[in-house]
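Here are a few notes to read alongside the model. Please have the viewer open as you go through the points.

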Amino acid sequence: MSLPMILRLFLLPILMATLLLGGCASRGFPGSAYDLWGDDRPAEASTYRDFMIARLASMSNDPQSAARRYAAVIDRVPEPAGIAERAVFSALLAGEYGTAAGLARRADAAGSEAGLVRLTLATDAIVRGRPQQAVPYLDETRFMAFNRNIARGMAAWTALDRQGIAAAEALIEPGLTGDVRFDSPALYQLALLRIAAREDDKALETLERIWDSGARLAIGVEAHAELLAARGERERALELLTRFRNEVGANTSVTALAARIEAGQRIQPRRLTLRQGAARAVYVSAAALMYQTEDDLSSVYFVLALALDPDLDVARTLWAQALDNANRYDDAIRVLQAVRPASAYYANARGQMAGVLHRAGRSEEALQVAAVAIAGNPDRMLKLQLADLYIGLERFADAEAVLTEVYEADAVAGREDWRILFSRGAARERQGNWPEAEADLIRALELRPDSATVLNYLGYSWIDRGENLEEGFELIRRAVMLEPNSGHIVDSLGWAYFRLGEYETAVDYLERAVELLPGDPILNDHLGDAYWKAGRRLEAGFQWRRALRLDPTEADRKKIEIKLGSPLGPDAPELQAPAS
């Protein structure tokens, strides 16, 4: 919804509030509503108006307008610190670092103690080449837990620059718990600090401890492999990179390093500058936040990381993903366009842009972007993103062809990726080619027996087809144990009980699934079917009507309408055709 539309919806309350504020100012009521917006309105009314517009802009995904409006009232309110803090947050959310830095100085002058304001001021001091001015803003005792970790890392890089590695270590080590997996982000920071200080032996010892714990973080594994390769241990470096790819997945920077090592290029460990190191201290926490949330909150931290290191394109791609999560498609595209062709992340950014364009309803443009990118660079990751785009467009045959091409190229290189098999199996299943789909899914499960996604898909497919019901049921139960808060997986377990005729138990699980994903039409449709079979006809009708309001596919819409129009509900003859 546009901001002008929202303003029209909220016009009456604002007019009423303005009248009340005018009364409080001992002014007579104006002769007409039009006069409320005249030049003689009280200052309080103007301030309230700007504040309300800022609030509405925040709620309507318009952080640029919110930042401007909040900034406009900072000096017009009795307690400006809180308004200034909102302005800083909105400016960072809008990607306007320069504006945010200026607003942070105003917030500081107003007495703000907000963690984000302090991080912005510290970032600004480092960016302006005055790291000593960052120190007081990075006092970790003045931060809550999340921002404290960032502040500690930034302070350590500042200490390294000003006082040496011992001072940096003294800031990191007291925060360690002794659990290597839990401490791994801080330990990776410590290793990068030691590499920057040319204490490579101690850095390698730290990195080996992290690796042996099973913790995996791309920037740390990359640094680990660089150190090994620089010492001539190329096979060991490649072993680490291959295991990372198999256990975690493809990573652009890690893949590029592996290619350089395989090509025999000379590898030197990257020794980060103060700005680069501080940027990574922010980036690591921002990335963790982005993967744990489904909004654009992490954007504010990616903006700080990129202010410190404008070449940190991995932060740019994750920033765009956060914007995409918040349906800020135009902003996500703008961020991805800033990734230059010379960057190792260029191909990934173009494929990511194609996905954003598709979700923005610009599918033809998305395919053009993907095609041009692949023509210029037939990158494996780009091909996978193209396959994902085809699946999103329900062009399953095209997706299968691309995935088969990648799978065969992997086979030549001695690689077999369960993700490729799973995606191809899903594409084949959607085309009705069940025998080959089943073979892909079974093989994917053999390669990754603890994947809740594969367990759920294969188990659900068997149950939905009326095949291997008990075995399918067991697969889904294992998937639920692995991911108990996944609405789709819990739905699959409920549907398994439904297909086994245990309707009351099915209702319990399907209700839980809808609680987890209330906006999914398929889950609501399934719950309606279970209610019907359990004799709860009114609730079934309510659930089906709700599913219709949630924009199901055209095929699902027709099925739901048949249920609603038939006295037999899901047992209507038109719905009893055998599965293809």
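Predicted model: local features only at pLDDT ≥ 70, side-chain atom pairs only at ≥ 80, totals over all residues.

1. Asp200 has a relative accessible area of 17%, and because buried means under 20%, Asp200 counts as buried. The residue belongs to helix α11, which covers residues 200-213.

2. Next, the partners of Asp200. Its side chain makes a polar contact with the side chain of Arg271, at 2.9 Å. Leaving aside residues up to four places away in sequence, Asp200 touches Arg194, Ile195, Leu227, Arg231, Pro269 and Arg271.

3. Now for the largest nonpolar core, which has 176 residues. Leu119, Met154, Tyr283 and Tyr301 are the ones that touch the most other members. Helix α15 (residues 274-292) supplies the largest share of this core, with 11 residues.

4. Tyr283 is worth a look in the viewer. Not counting residues up to four places away in sequence, Tyr283 touches Ile219, Phe302, Ala305, Leu312, Val314, Ala315 and Leu318.

5. Finally, how do helices α21 and α22 run relative to each other? The axes of α21 (residues 380-392) and α22 (residues 396-412) come within 7 Å and cross at roughly 155°. The two helices are therefore roughly antiparallel to each other, and their crossing is left-handed. On the α21 side, the contact is made by Arg380, Lys383, Leu384, Leu386, Ala387, Tyr390 and Ile391. From α22 come Phe396, Asp398, Ala399, Val402, Leu403, Glu405, Val406 and Asp410.

Methods. Residues numbered from 1 in each chain as written. Heavy atoms only, no water. Helix = DSSP H or I, 4+ residues; strand = E, 2+ residues; numbered from the N terminus. Buried < 20%, exposed > 50% of the residue type's maximum accessible area, 1.4 Å probe, protein only. Polar contact = N/O pair within 3.5 Å; in protein donor to acceptor, adjacent residues only side chain to side chain. Contact = heavy atoms within 4.5 Å. Core = buried A, V, L, I, M, F, W, Y, C linked by side-chain atoms within 4.5 Å. Axes fitted to C-alpha atoms, helices over the stretch in contact; angles between N-to-C directions. Parallel < 35°, antiparallel > 145°, perpendicular 65-115°, else oblique. Left-handed = near helix turned anticlockwise from the far one by under 90°.
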